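My entries are set down below in the order in which I looked things up.

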Amino acid sequence: MTDLSIDLGFMKLKNPVIAASGTFGYGIEFAPFIDLNHLGGFIVKGLYYSSREGNPPPRLVETSSGLINAIGLQGIGVKRFSEEILPCLIDYDTSIIINVCGEHEDEYAAVVDLLNHQPGISAYELNISCPNVKKDGKCPALDPETTYSVVKLVKKSSTRPIITKLSPNVTDITEIAFSAQEAGSDAVSLVNTFLAMAIDPNTRKPKLANILGGLSGPAIKPIALRMVYQAAGRLKIPVIGMGGICTGGDALEFLIAGARAVEIGTANFIDPEATVKIIDELDNFCRERKIGKLETIIGTMK
Ligand SMILES: Cc1cc2nc3c(=O)[nH]c(=O)nc-3n(C[C@H](O)[C@H](O)[C@H](O)COP(=O)(O)O)c2cc1C
């Protein structure tokens, strides 16, 4: 029997595979396709205090090996989520993580404050890195000081561990990651999407109504892997890696680079069973090589 479990210090996962925010609905939508109990965890769509419509369509466009989205964090808001969705999730035997959003620092704190009173949540993932909410792609995770300030404030309000989700749209990822750690973040997750765009040459119009969006999927994997490697080399807190992971082999690259867990995003749109297939592939990899504990592979790049 392979032991796929992972200890993040503040949270134990039955395996390192977590479904990424925004690509897995509120979790419950995937219950007809996979057994949610198999997952290491899942992260629900980003939640603000109030409901939001997001950006006008078109807001998704496929590119070579990738997807550009400008959803703009559409959602039902934290109150409705707590009343209508969370009660359907808490009996699953997996880690439920809430992706927390805010227009300003106080809103992040207010969302966390409301969720603190709800049962069944393992951690908060602080989304300070969405590139398609502001027209120019700006977000707190582009700057070490704003990162520090929002993480510090939310950490004070939170009764649960905080995972700070970082943006790849920066020159030095280690500087921002370090800021999150110094502000008290329990872990960081990276990467969110890369600021991107696409144009239809026939109409000369942008393919997204928002013009700019965030690129995800296999196209970003090598750059995401490099950033995870750099962040893991600098930080004491755990790094959760993501960006284009579609197979067990992809997940292993991130673990070997130093990630203690991985998130699976766009792959869920290609195959709703992607997460459980990746878990099976990790298990097979370990069995074939007689690796008794998957955790021993983390950060072992030669
Ligand atoms: C349609 C879509 C919606 C997303 N929504 C969120 C979100 O609500 N919160 C968040 O932190 N990240 C969001 N993301 C980013 C993903 O969680 C992930 O960081 C990114 O897509 C990179 O991983 P991937 O290449 O495996 O998709 C979204 C991504 C996509 C494609």
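The entries that follow move from the barrel to the ligand and then to the loops.

**Conventions.** I worked from a predicted model, in which local features need pLDDT of at least 70, side-chain atom pairs count only at pLDDT 80 or more, and totals for chains, interfaces and linings use all residues. Residues are numbered from 1 along each chain as its sequence is written.

**Entry 1, the barrel.** I took helices (H or I, at least four residues) and strands (E, at least two) as DSSP runs, numbered from the N terminus. Strands count as paired if DSSP finds at least two bridges between them. I found eight strands closing into a barrel with parallel pairing, in the order β3-β4-β7-β8-β9-β10-β15-β16. From one strand to the next the twist averages 25°; axes are lines fitted to C-alpha atoms, for helices over the stretch in contact, and angles run from 0 to 180 degrees between N-to-C directions.

**Entry 2, strand pairs.** I followed β16 (261-264) to its partners. It is joined to β3 by three bridges, and the two run parallel; here Ala-19 stands opposite Ile-264. β15 also pairs with β16 in the parallel sense over three bridges, and Ile-240 stands opposite Ala-261. Elsewhere I noted β9 (residues 162-165), which pairs with β10 in the parallel sense over three bridges. In that pair Lys-165 faces Ser-189 of β10.

I counted residues as in contact if their C-beta atoms, placed from the backbone, lie within 7 Å. Helix α5 (residues 221-234) lies across β10 and β15 (239-242), and runs at about 175° to β15. Helix α8 (residues 274-288) packs on the sheet and touches β3 (17-19) and β16, its direction making about 175° with that of β3. I also traced β15, helix α6 (residues 248-257) and β16 as a right-handed β-α-β unit; right-handed means that, with the strands pointing away from the viewer, the path from the first strand over the helix to the second runs clockwise.

A residue is buried if 20 or more other C-beta atoms, placed from the backbone, lie within 10 Å of its own, exposed if 12 or fewer, and partly exposed in between. In a regular strand the side chains alternate between the two faces of the sheet. I found both faces of β16 covered, with Ala-261 and Glu-263 buried on one side and Val-262 and Ile-264 buried on the other.

Which residues come nearest to the ligand? Of the 27 residues around the ligand, these are Gly-22, Gly-46, Ser-216, Gly-265 and Thr-266; a residue is near if its C-beta atom, placed from the backbone, lies within 6 Å. The shell divides into ten nonpolar, 15 polar and two charged residues. Ala, Val, Leu, Ile, Met, Phe, Trp, Tyr, Cys and Pro count as nonpolar, Asp, Glu, Lys and Arg as charged, and the others, Gly among them, as polar.

I recorded a cis bond from Pro-57 to Pro-58, with omega near -5°. Pro-58 lies in the loop between β4 (41-43) and β5 (60-63). The bond from Leu-190 to Val-191 is also cis, with omega near 15°, and Val-191 is in the loop between β10 (187-190) and β11 (194-196).

Ser-65, not a glycine, has a positive phi of about 55°. It sits in the loop between β5 and β6 (66-69) and counts as partly exposed because it has 14 C-beta neighbours inside 10 Å. Leu-73 has phi near 55°, in the loop between β6 and α1 (78-89). Leu-73 counts as buried because it has 20 C-beta neighbours inside 10 Å.
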